Amino acid sequence: MKVIGKMGVSKSQSDFCDGKNSEANLKLSQKNQNNEQNSPLEFKTLLNKIANDTKIAEGAPAIEDILRCIYRNQPISTKRISQYTKLPLPIISKVRTILERNRILKRDKKGAIYSKEGLQLIEKNLKFKMPYDLKCPACTGRSIILDDYFEAILKKHKIHSKNRPTVNTSIDQSYATPETATHRAAFMADRGDLEGKRILFVGDDDLTSIPTALSGLCEEVVVMDIDDRLLNLIKNISKKENLNIKTIKHDFRNSIKEEYKNSFDVVFTDPPYTIEGLKLFLARGVEALGKEGTLYLAFSHKPINEYLELQKILLNTGFVIYELLPGFNKYEGSEIIGNTTFLARLIGRNLNFNEEIDLNKLYTGEVKPVIRHYKCMSCGELHKIDGKSVRIENLVCKCGGTKFKMVKRERKNLQN
């Protein structure tokens, strides 16, 4: 699973969410009942308390972002707040519950809205004044819209995408929507990175190579991936559509073959959302480009410290972030990352990758191992899933049930 922020439930969090044993919670509730307004310092204390109790690595500014999002878009669903703020859905749900218990928010059938008291509080203490959003409704922040030509490609790609195999979460697979894959191809076309270009996909579980090749603009499209299921699907679609996509099975822990080094103009990659996974896929991209070229990177929204590390790696390698579009990529069923990641267009000069890579920390499950407990929706039996010996996408209950609800998650001890 591709994860953004840190999450966890402590006793203090549980008590706070329940409105128990929390001085800040009690104090705020009492003042609301007396129609008094908190001081900015008290309100900031509350935001810090919520951030600490919900284990948000981004801190109080993330709570402020949630409040601003609701202010500008109310009524708004929890899922849309997650997509807007780039925070995991479970975190948004917990924060929303706390804000409701503090009478800052109230529930509407269409989503979260402010209470009268809550509106007064945030306008006084956070100085919110702009109750609307300026994002373009046509492009939704992607900076492009599909014309008739790419709409026809999208229509075809939706059909092909239905044949994708079940995701393999142990290697951080999470499928982008057909719309995302087609918008990626259109974005690359708009930036002049398809016409007459040789393009390599360093991994392609999203099948972005299909709309890219369907554009008819590329000199060559090559896909390298470790998953035979995806490679066979791409190969079959390519044959059916006469696309001439070349597919190569490759484990990126090893360098690419000499014949493919310094051979491509553009690389596209959507790596595992760990720093080590990023470095590994980036290293293969640099091998393919040689000394210069363009690399498209789809990656998860990170807390500031991880963003800084990411930027240092890119800069040391010789890349500049020429463009970065937050929330460009949307994924199917990946609520844990808010269903979105950013798309960055990197321009490289004098490329040289010399970072050390820890091959034992490539995937999220290796960096932040989690055990999840699922309940069968048919018989109620509980199943413990570690994502290795058994994965939820392959789980079948003894009763034959295949639908499950997660009821508990816990961090796995790395020493075990």
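**Close-up views of a predicted chain**

**View 1. Strands β4 and β5 pair side by side.** Strand β4 (residues 220-225) pairs with β5 in the parallel sense over four bridges. Two strands count as paired if DSSP finds at least two bridges between them. Strands (E, at least two residues) and helices (H or I, at least four) are DSSP runs, numbered from the N terminus. Val222 stands opposite Lys246 in β5. This is a predicted model, in which local features need pLDDT of at least 70 and side-chain atom pairs count only at pLDDT 80 or more, while totals for chains, interfaces and linings use all residues. Residues are numbered from 1 along each chain as its sequence is written, and side-chain values use heavy atoms, with hydrogens and water left out.

**View 2. Seven strands form an open sheet.** Their order is β5-β4-β3-β6-β7-β9-β8, and the pairing is mixed. The edges are β5 (246-249) and β8 (319-330); each has a single partner strand, so one side of each is left without a neighbour in the sheet. From one strand to the next the twist averages 15°. Strands of a sheet pair through backbone hydrogen bonds, either parallel or antiparallel.

View 3. Axes are lines fitted to C-alpha atoms, for helices over the stretch in contact (heavy atoms within 4.5 Å), and angles run from 0 to 180 degrees between N-to-C directions.

**View 4. A hairpin joins β1 to β2.** Strands β1 (residues 105-108) and β2 (residues 111-114) run antiparallel and are joined by four bridges. Asp108 stands opposite Gly111 in β2.

**View 5. The chain as a whole has 14 helices and twelve strands.** Of its 416 residues, 52% are buried, meaning under 20% relative accessible area with a 1.4 Å probe, protein chains only. Among contacts between residues at least 6 apart in sequence, 70% join residues at least 24 apart.

Terms used: Buried means under 20% relative accessible area, exposed over 50%, partly exposed in between (1.4 Å probe, protein chains only).
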